[in-house]
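Please look through the model below before reading my remarks. They are meant to be checked against the structure one by one.

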Amino acid sequence: MANAVPVERAQPAVRASARRQWLAKYARREIVPRLLLIPLCGFYLLPFYWMLVNALKTNEELSIYPPSWFPDEIAWSNFSRAVEVFPFWRFLGNTSLITVFTVIGVALTNPIVAYGFSRIEWPGRDTIFYLVLATVFIPYPALIVALFDIFAQLGWVNTFKPLIVPFFFCFIPSPFWIFLLRQFFLRIPHEISDAARLDGASELRILYQIIMPQSWPALSAVSLFAALHAWNDFLGPLLYLQDTSKYTLSIGLTFFQSQSRYDIQFNLLMAASALVILPVVLIFLSFQRAFVEGVTVSGIK
Amino acid sequence: MVAETIVAPSRAPAKRRGHLRLSRRERRNLAVGLLFISPWLIGFLVFLVYPIVYTIRISFTRYTGFGEPEWIGLDNYRNMLHDDLFWTAVYNTLYYTALAVPIGAVVAMILALAMNQPLPEVPIYRAIIYIPSVIPLFTLTFVYQNLVHPTQGVFNRFLIWLGLPNINWFGDPRYAKLALVLLAQYGAGQVAVIFLAALKGIPASLYEAASLDGASAWRRFWGITLPLMTPVILYDLILGVSLGLQIFTQVYIISGDPPGGPANSTLMYVVYLYNNAFRFGAMGYAAALAWVLFVVTLVLALLIFRSSRWWVHYETT
């Protein structure tokens, strides 16, 4: 500022270029991302909006062309009708039963296995762990012919057993969850568990009394993933469940909407779907952090 | 060997007994370790290894699912070569995977880069973008099928507004696969969340140094961001291809019974496998298809992994 003349002459240009730079940075940081994100969020929200709108439309309004963006007359009764045209409560009960037992199986065995791969030093451990990770690349559909035949010979077809029992034995995609738990267990300091071991505590006791209480974020993420897997599964129930009374929501709703004799209107299908999604969305929103952290830990090595 | 005995004499007794040179403590740990991983080990043998071996065995037989499998050697594999539907299914599946996976990676990258900016409302975007990957695929498929319906849905209203034709997505063999590729993009949110976490892990000092050297945002993306993201992209590609080859649920719901229409345009590999095993009673042929899927998935994963040496950047420090 002191040597006035040259700066005075340069200033407008400097200021203009600084403003241009500032504008470019502002555009890059605030405007462009929003211009991208807001329409894309519209794309990602559209199915939810469309589901809800159609769940609330009357039968007459469903057939209007072009389709209306908002129902003229809101038909709340679609929800009560939806749970009647489908054996909805039956499907819900079956799905819940499978989900609960899957989570129990996963929560019971995955931490133990993850502990064996992280807190006990044994020769060959890490080599075998690579094998565990490699199994996530085994395509489940490549196993269905054999698994179906094996379960048929055991007399397990048309029961929930083929959908539950494998999860007590770390069936795919359990390796992801074991990996997630293992990464978490590895970060827990060894001092306390070493001290407990010197005091004669068994490994199982160390797991349940020292490691698990410190691992709630990982344990809840894994339980959520397991619950979602069971709740959303389609191919498994399609293969093993035969009586409609045993159907889960996934194959139950699909079966009923595909049979013209039941004549399921689209508004009722959407109402039933909204009821299926509701617990998932609620659980996701309340445990968002566990989800996001879980998926990023198991996604990045 | 000799040197080791001298350096570590305490190990000598175990060695003399010939027990893999393990100390007592190591042997105890091995036993406890194996005991802890035994649920996985049992599952691995019973639900993975045994079915894979069983599949190979059945694939050499004619088998309907009832009675005794009849040994026919390599006939199932030979028939595959002359089976037009097999090749249709292979083509459809590769077509779908080759489009859905790279497009998904690009969409996820755009989403992640946009969410990496310091906007206060990013958690809202992240939730909105992630939720479609969490909800059951069958419900998403129900609503998507209607969204892209030429008369009932709103998707084509946009196309018409843009001056494009009113496409019958799932009624027209030319467009059915593309509609599945678009549907797959609803899963890109999960990949975007993973990419975003990787972006956050890139040290800011690298960008600062590049800025001081006068590198533009464009150059910084190609010079810093993308190279450092390649390990995560590799992971996404390998997993994405593996899952892409397995596409089933959407097709089963959309294309009716038996699934694969219209005009076999959505006859995907696993759909064809399923039809053979559970609709046509050709378990032996389905087992051969399953075994081919298994090998192709592993080979593709390995190829992508091997290719990584040319394009994946590993930190050398």
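This is a predicted model: local features need pLDDT of at least 70, side-chain atom pairs count only at pLDDT 80 or more; totals for chains, interfaces and linings use all residues.

The points below go from confidence, through the fold of one chain, to the contact between chains.

1. Confidence. Chain A has an average pLDDT of 90, and 95% of its residues score at least 70.

2. Secondary structure. Chain A contains 15 helices and zero strands. Its radius of gyration is 27 Å, whereas the globule rule gives 19 Å for 301 residues, so the chain is more spread out than a compact globule. The C-alpha trace of chain A spans about 95 × 75 × 35 Å along its principal axes.

3. Burial and contacts. Of the 301 residues in chain A, 43% are buried. Among contacts in chain A with a separation of 6 or more, 76% are between residues 24 or more positions apart.

4. Domains. Chain A is divided into domain 1, residues 4-55, and domain 2, residues 82-299. Their C-alpha centres lie 42 Å apart. How many residues of each domain are in contact with the other? Four residues of domain 1 of chain A touch six residues of domain 2 of chain A. On the domain 1 side, three of the residues are nonpolar, one is polar and none is charged.

5. Contact between chains. Chain A contributes 76 residues to its contact with chain B, and chain B contributes 81. Several helices of chain A each supply at least two residues to this side, including helix 4 (88-116), helix 11 (216-232) and helix 14 (266-286). Which helix of chain A gives the largest share? That is helix 1 of chain A, with 16 residues. By class, the side of chain A that touches chain B has 56 nonpolar, twelve polar and eight charged residues.

6. Helix 9. Is helix 9 of chain A, residues 191-198, largely in the open or buried? None of its eight residues is buried, so helix 9 lies largely in the open. A residue counts as buried here if 20 or more other C-beta atoms lie within 10 Å of its own. Just after helix 9 of chain A, A:Gly200 has a positive phi of about 90°.

Notes: Residues are numbered from 1 along each chain as its sequence is written. Chains are lettered from A and ligands numbered from 1 in the order in which they are written. A residue is buried if 20 or more other C-beta atoms lie within 10 Å of its own, exposed if 12 or fewer, and partly exposed in between; C-beta atoms are placed from the backbone. Helices (H or I, at least four residues) and strands (E, at least two) are DSSP runs, numbered from the N terminus. Domain bounds come from an automatic or database domain assignment. Two residues are in contact if their C-beta atoms, placed from the backbone, lie within 7 Å. Ala, Val, Leu, Ile, Met, Phe, Trp, Tyr, Cys and Pro count as nonpolar, Asp, Glu, Lys and Arg as charged, and the others, Gly among them, as polar. pLDDT is the predictor's confidence in each residue, from 0 to 100. The radius of gyration is taken over C-alpha atoms; the globule rule is 2.2 Å times the number of residues to the power 0.38.
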